[in-house]
Amino acid sequence: FLFPSLYDGWGLALIEAMASGLPVIASYKSGAATDCVVDGTNGWILSENTSQELADKMLNSIEQVEILSQLGCNARDTAINFDVSKGCVNFNRLINKIIQ
């Protein structure tokens with residue numbers, strides 16, 4: 001699942017893809033990616049978020065097709081065990097910080 005967002009406050013679609021057992025390639029500009037993606041374990045994070053880096057990660061995933069199944073299983077485990085309430089608490093903290 002590709003999620004090269006230029007900005008996404010969180011990105012529920014990423015978690016839904018992971019819950020479906022898909023390894024992901026996601027931008028660091030998504031809150032869900034920084035909270036849930038462990039680079040090389042359940043997917044990959046785009047650290048620069050350039051089209052070249054995205055292409056490189058996609059090629060890398062094709063070359064490592066034998067590990068995609070394990071990454072997908074790890075992604076599912078991550079999504080299933082993700083505690084949404086922690087995300088809500090962090091979101092509320094951020095909103096309160098902005099208001100103050």
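**Close-up views of the predicted model**

**View 1. Trp10 and the aromatic pairs.** In this predicted model, Trp10 has a relative accessible area of 25% and is therefore partly exposed. Searching the whole structure gives 2 aromatic pairs. One of them joins Phe1 and Phe3, whose rings are stacked, with 6.1 Å from centre to centre and 20° between the planes. Phe1 is partly exposed, its relative accessible area being 37%, whereas Phe3 is buried because its relative accessibility is 12%, and buried means under 20%. Trp10 and Phe82 form a tilted pair, with 5.4 Å between the ring centres and 35° between the planes. This pair links distant parts of the chain, for its two residues are 72 residues apart. Trp10 belongs to the loop between strand S1 (2-3) and helix H1 (12-19), and Phe82 to the loop between helix H4 (65-81) and helix H5 (84-99).

View 2. Strand S2 covers residues 24-27. In a regular strand, side chains alternate between the two faces of the sheet. Val24 and Ala26 point one way from S2, while Ile25 and Ser27 point the other way. All four of these residues are buried. S1 and S2 run parallel and are joined by 2 bridges. Phe3, already seen in the stacked pair with Phe1, stands opposite Ala26 in S2.

**View 3. Strand S2 beside strand S3.** Strands S2 and S3 also run parallel, with 4 bridges joining them. Here Ser27 stands opposite Leu46 in S3.

**View 4. Asn49 in a loop.** Asn49 lies in the loop that connects strand S3 (43-46) with helix H3 (51-63). The phi angle of Asn49 is positive, at about 60°, although the residue is not a glycine. Asn49 is buried because its relative accessible area is 14%, and the limit for buried is under 20%.

View 5. Phe91, Leu94, Ile95, Ile98 and Ile99 make a nonpolar surface patch of about 530 Å². Among these residues, Leu94 lies in helix H5. Leu94 has a relative accessible area of 45%, so this residue counts as partly exposed.

Technical notes: Residues are numbered from 1 along each chain as its sequence is written. This is a predicted model: local features need pLDDT of at least 70, side-chain atom pairs count only at pLDDT 80 or more; totals for chains, interfaces and linings use all residues. Side-chain values use heavy atoms; hydrogens and water are left out. Rings of Phe, Tyr and Trp (its six-membered ring) pair if their centres lie within 6.5 Å; planes under 30 degrees apart count as stacked, over 60 as edge-to-face and the rest as tilted. Buried means under 20% relative accessible area, exposed over 50%, partly exposed in between (1.4 Å probe, protein chains only). Patches are made of residues with over 30% relative accessible area and no salt bridge: like charges are joined within 9 Å, nonpolar side chains (Val, Leu, Ile, Met, Phe, Trp, Tyr) within 5 Å. Accessible areas come from the Shrake-Rupley method with a 1.4 Å probe; for residues, only the protein chains shown count as cover. A salt bridge is a side-chain nitrogen of Lys or Arg within 4 Å of a carboxyl oxygen of Asp or Glu. Two strands pair if DSSP finds at least two bridges between them.
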